[in-house]
Amino acid sequence: MHAEVCKHPRVRRFSNWVAVACLLGSSACSIDDVPLEGKLCSASAPCPDDLACVSGVCRAPDSMCTPKFQVENFGVSWQTPNTIRWAWQPISGADTFVQYKLVIGRTPEELELAAGRALEGLSDDQGGAIWTQDDNPELGQYELRLSGDVDEVTATITDGLEPGVEYRAQLLSYDTGGCVARSAVAVGRTQAAPVLEYTLFDERPVSPGRPRPDGAASIESNGDQAFSGSDYLLWSGWPNDGSTSSAGYENIGIYDLKTDPAAAYPSLDGSSAFVELAVAVDGSPVATWGEARVILGPEAGSCAGIEASTIKPLALRTGPYQLLQLPLRAFLLGGEPLDQDTLRTRAICEVSVGRTWVRGETVRVDAIRIKW
Ligand SMILES: [Ca+2]
């Protein structure tokens with residue numbers, strides 16, 4: 001008759017079992033063991049079997065509370081060799097929202113283990129099996145900031161995944177009542193590793209491209225600041241000279257590339273091709289409305305008369321470099337996905353990311369490639 005008895009679900013609350021257990025003289029048994037719902041908990045002090053440790057407090061599991069905040073249509077919106085973008089639709093309002101957590105695993109057992117740990121309030125390092133707002137800030141927000149509109153958070157990207165592997169994920173939605181709704185389980189498989197690539201920017205010399213924004217971004221050389229090699233693109237942000245009030249929109253990347261698809265990447269496969277770029281934002285860890293853009297010229301080798309294709313909204317992480325992998329088929333040009341014919345006949349003129357940057361934020365971009 002030790003602690004095990006007191007933590008057994010049958011002795012939850014003021015039951016006779018507790019009294020019996022305590023009368024039998026267990027030193028580990030005291031009135032502190034009851035009531036157990038609302039009790040503080042941790043990895044070393046777990047809740048009894050029928051309660052979940054949610055954010056450090058024992059709570060009744062999902063089946064015993066009615067979630068006030070839920071999502072529907074949780075699923076995969078795209079995959080690349082090392083990333084999967086998961087998407088959903090909230091069906092409840094912002095007033096009941098607390099946060100999302102996304103759990104991911106390779107097997108049902110791994111997923112359940114990750115979900116259990118997340119429900120206990122545990123997390124892991126950047127990436128891993130439990131994704132919270134500490135990994136991707138949008139998971140802590142009902143809507144994206146600085147959009148000028150209401151743009152609900154409906155997607156997040158898990159990166160650092162292995163190529164050609166099946167992953168399953170579940171979205172946990174936390175509400176203001178302390179209840180957690182678990183979405184349906186979605187299953188995706190990362191693409192196989194790419195076999196070919198074409199570099200748009202990494203190290204000097206840069207084929208005809210130039211840093212954007214023109215005159216404000218530069219190519220710097222410092223191995224500690226670069227994602228790979230020593231060269232990287234740097235935009236130092238809005239000048240603190242009163243010329244920008246507090247924030248403004250800008251696209252950061254490389255432009256005037258004038259690629260010739262037939263010469264540079266004749267075997268490009270639009271079904272698997274993605275643009276990869278490393279982006280490091282030094283700024284506030286808040287998910288704002290953003291976009292990635294691939295600008296196309298009218299024909300091979302020409303950027304006279306350009307047209308922008310975009311992925312939006314795209315929330316960027318702050319901190320160390322994030323290696324974005326964005327499928328070319330996910331970029332919309334005039335409302336239609338980029339197709340093989342466009343990619344094989346028209347120049348790529350620009351690859352960039354854009355959003356409203358607050359004064360003081362700086363951006364580095366490196367290692368921009370098309371891979372397929
Ligand atoms: Ca580089």
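I began at phenylalanine 201, which stands opposite isoleucine 368 in β23. The model I am reading is a predicted one.

**Entry on β23**

I followed β23 through its pairings. β11 and β23 pair in the antiparallel sense, and I found four bridges between them. With β14, β23 also runs antiparallel, and three bridges join the two. There I noted leucine 233 opposite valine 365 of β23. The pairing of β16 with β23 is antiparallel and has eight bridges. In that pairing, valine 275 faces isoleucine 370 of β23.

I then asked how many residues of β23 are buried. Eight of its 10 residues are, so I wrote the strand down as mostly covered, taking buried to mean 20 or more other C-beta atoms within 10 Å.

**Entry on the cores**

I looked up which residues touch the most other members of the largest nonpolar core. They are Leu277, Val279 and Val365, in a core of 52 residues. Several strands supply at least two residues each, including β11 (197–201), β14 (231–235), β16 (274–282) and β23 (362–371). β16 gives the most, with seven residues.

I listed the contacts of leucine 277, leaving out neighbours within four places in sequence. They are Leu324, Val351, Val365, Ala367 and Ile368. Apart from this core lies another of 32 residues, and I noted Cys58, Leu102, Ala129 and Val180 among them. My course notes say that in soluble globular proteins nonpolar side chains tend to be buried together.

**Entry on the three-stranded sheet**

I moved to an open sheet of three strands, with the order β3-β4-β7 and antiparallel pairing.

Between β3 and β4 (residues 84–90) I found six bridges, and the two strands run antiparallel. Tryptophan 78 has arginine 85 in β4 as its bridge partner.

**Entry on threonine 156**

I picked threonine 156, which sits in strand β7. Is it buried or exposed? Threonine 156 has 23 C-beta neighbours inside 10 Å, so it counts as buried. Leaving aside neighbours within four places in sequence, I found it in contact with Trp86, Leu102, Trp131, Asn136, Glu138 and Leu139. I also checked proline 137, which is 19 residues from threonine 156 in sequence and 9.3 Å from it in space, C-alpha to C-alpha.

**Entry on proline 261**

Proline 261 is in helix α4 (residues 261–264). I counted it as buried because 20 other C-beta atoms lie within 10 Å. Beyond four places in sequence, proline 261 touches Pro266, Leu268, Ala300, Leu343, Arg344 and Thr345. Glutamate 299 is 38 residues away from proline 261 in sequence, yet the C-alpha atoms of the two are 9.4 Å apart.

I looked for cis peptide bonds. One joins arginine 212 and proline 213, with omega about 0°. Proline 213 is in the loop between β12 (210–212) and β13 (217–221). Another joins lysine 312 and proline 313, with omega about -5°. Proline 313 lies in the loop between β18 (307–311) and β19.

Leucine 146 counts as partly exposed, because it has 16 C-beta neighbours inside 10 Å. Aspartate 256 has phi near 60°, and its place is the loop between β15 and α4. Aspartate 256 has 18 C-beta neighbours inside 10 Å, so it too is partly exposed.

**Entry on the whole chain**

The chain has five helices and 23 strands. Of its 372 residues, 41% are buried. Taking contacts between residues at least 6 apart in sequence, I noted that 69% join residues at least 24 apart.

I also looked up the confidence. The mean pLDDT is 89, and 88% of the residues reach 70 or more. Over residues 1–34, pLDDT stays under 50, and the model has 37 contacts beyond four places in sequence for that stretch.

Notes. Residues are numbered from 1 along each chain as its sequence is written. This is a predicted model: local features need pLDDT of at least 70, side-chain atom pairs count only at pLDDT 80 or more; totals for chains, interfaces and linings use all residues. Two strands pair if DSSP finds at least two bridges between them. A nonpolar core is a set of buried Ala, Val, Leu, Ile, Met, Phe, Trp, Tyr and Cys residues joined through C-beta atoms within 7 Å. A residue is buried if 20 or more other C-beta atoms lie within 10 Å of its own, exposed if 12 or fewer, and partly exposed in between; C-beta atoms are placed from the backbone. Two residues are in contact if their C-beta atoms, placed from the backbone, lie within 7 Å. pLDDT is the predictor's confidence in each residue, from 0 to 100.
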